[in-house]
Amino acid sequence: MTILSKRLELMTESATLEMARKSRELKAKGLDIISLSLGEPDFNTPDFIKEAAIQGIHDNFTKYPPVNGYLDLREAIAKKFKRDNGLNYTPDNIVVSTGAKQSIINAVMSLVNVGDEVIIPTPFWVSYEEMVKLAEGKCVFIPATIDHDFKITPQQLEAAITPKTKLMIFSSPCNPTGSVYTQSELEALAAVLKKHKNIYVISDEIYEHINFTGKHASMASIDGMFDNVITVNGVSKAFCMTGWRIGFIGASKEIASACNKLQGQFTSGASSIAQRAALAAMQADPKVVEPMREAFLKRRDLVLSLLKDVPGLKCNVPTGAFFVFPVVKSFFGKSFNGKKINNAEELCLFLLEDARVALVTGEAFGDPDCVRISYATSEAELTEAMNRIKVSLAKLV
Ligand code: PLP
């Protein structure tokens with residue numbers, strides 16, 4: 001008999017972290033593994049941000065911070081929302097948390113009652129489903145396929161809504177597909193949502209600055225949506241600060257104070273020193289992230305051009321984030337050395353063993369026909385990895 005709670009039994013380990021763990025283990029054994037499994041920029045945190053954190057230590061920002069974040073940081077975030085997204089949040093609408101991941105679970109826990117339905121367009125970021133399960137809500141998945149650039153249509157959304165629908169969670173730019181909803185696509189979805197005043201939306205915009213379309217669109221900025229949207233963002237991706245663990249929301253005062261109440265019991269707020277670093281990031285000219293965005297665009301094009309030469313893969317052209325999400329189902333049923341590949345997970349294990357390249361199965365993101373390739377690594381590593389993948393896949397018969 002397990003001593004652990006039923007709640008824990010329901011949960012699945014994060015597949016992305018699991019793959020990262022497996023590849024670290026193999027690397028530790030001396031194997032030459034190229035890991036394309038994690039959603040993390042390979043660049044360092046900019047020096048001006050590190051210096052702000054060091055200054056924060058010298059200035060004794062070492063006591064418990066306010067649960068919802070330092071006022072000057074929340075003011076800077078409110079300015080960022082106005083400047084970049086046209087959103088009129090005040091510091092009372094903002095809650096700073098230990099990463100966007102915690103911002104999302106705060107919002108889910110604040111809104112979802114047992115049995116409430118939560119619409120999640122598929123493919124989705126791994127943690128959404130698990131968070132809804134923790135809140136004892138019911139996930140309602142809307143499949144978006146590669147033929148529609150992995151984006152859902154207003155008709156699909158309308159058909160998924162029931163009297164029990166409480167929330168929708170999505171990311172744009174999307175992890176894992178790299179798809180970006182345009183302003184008019186969001187407006188079309190909003191037109192459906194606006195007919196249901198009791199439906200809320202978590203708009204996960206953590207990849208806002210890694211967008212190759214030239215324009216980021218925010219759901220909360222659409223007429224009539226502001227009060228029903230929780231806008232999630234953070235510093236992890238744009239400022240290469242994954243380890244600092246700072247994310248934030250902009251939301252109605254009611255939802256913001258609910259999130260504040262929750263994290264007052266869970267964490268007492270985010271690290272004081274990391275908040276000083278995040279303040280420097282928020283006050284910076286957004287142009288500082290431009291070189292990184294350009295580097296990612298170059299890598300995307302490199303990966304797509306190399307994957308073109310791999311028979312059996314079907315790719316779309318991702319317009320944001322740093323992932324390619326090819327359909328790999330043509331390899332299912334094929335074998336290597338008498339061992340059959342039945343699904344994307346087995347294909348990932350084969351590629352880890354044979355090509356020594358770590359990818360993540362699409363199953364974890366709700367699409368078992370695909371695998372996720374992260375291109376957040378050097379061009380040399382990407383070229384080597386794509387060549388290895390091509391050689392290994394050619395062995396499958
Ligand atoms: N949302 C998406 C779509 C992500 O890909 C990630 C991280 O991988 C997060 C949220 C969490 O970001 P953070 O590091 O701020 O917790």
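Analyst: Happy to. A quick word on ground rules: this is a predicted model, so local features need pLDDT of at least 70 and side-chain atom pairs pLDDT 80 or more, while totals for chains, interfaces and linings use all residues. Residues are numbered from 1 along each chain as its sequence is written, and side-chain values use heavy atoms, leaving out hydrogens and water.

A pocket is an open set of points on a 1 Å grid over the protein atoms alone, where a 1.4 Å probe fits, with protein on both sides within 12 Å along at least five of seven lines; lining residues have an atom within 4 Å of a point.

That second largest pocket is the space the ligand takes up, meaning that more than half of the ligand's atoms lie within 2 Å of the pocket's grid points. The pocket holds about 480 Å³ of space, a volume filled by probe spheres set on points joined across faces, edges and corners. Its lining runs to 26 residues, with Gly39, Lys101, Trp125, Lys237 and Arg245 nearest the centre. By class, the lining splits into 11 nonpolar, 9 polar and 6 charged residues. In this scheme Ala, Val, Leu, Ile, Met, Phe, Trp, Tyr, Cys and Pro are nonpolar, Asp, Glu, Lys and Arg are charged, and the others, Gly among them, are polar.

Now to the ligand itself. The residues surrounding it include Gly99, Ala100, Lys101, Trp125, Tyr128, Asn175, Asp204, Lys237 and Arg245; to count, a residue needs a heavy atom within 4 Å of the molecule. This shell has 5 nonpolar, 3 polar and 4 charged residues.

Some side chains make polar contacts, which here means pairs of N or O atoms within 3.5 Å. Asp204 has a polar side-chain atom 2.6 Å from a ligand nitrogen. Lys237 places one 2.7 Å from a ligand oxygen, and Trp125 has one 3.4 Å from an oxygen of the ligand. On its own the ligand has 400 Å² of accessible area, and the protein covers 93% of that, going by the Shrake-Rupley method with a 1.4 Å probe.

Terms used: Polar contact = N/O pair within 3.5 Å; in protein donor to acceptor, adjacent residues only side chain to side chain.
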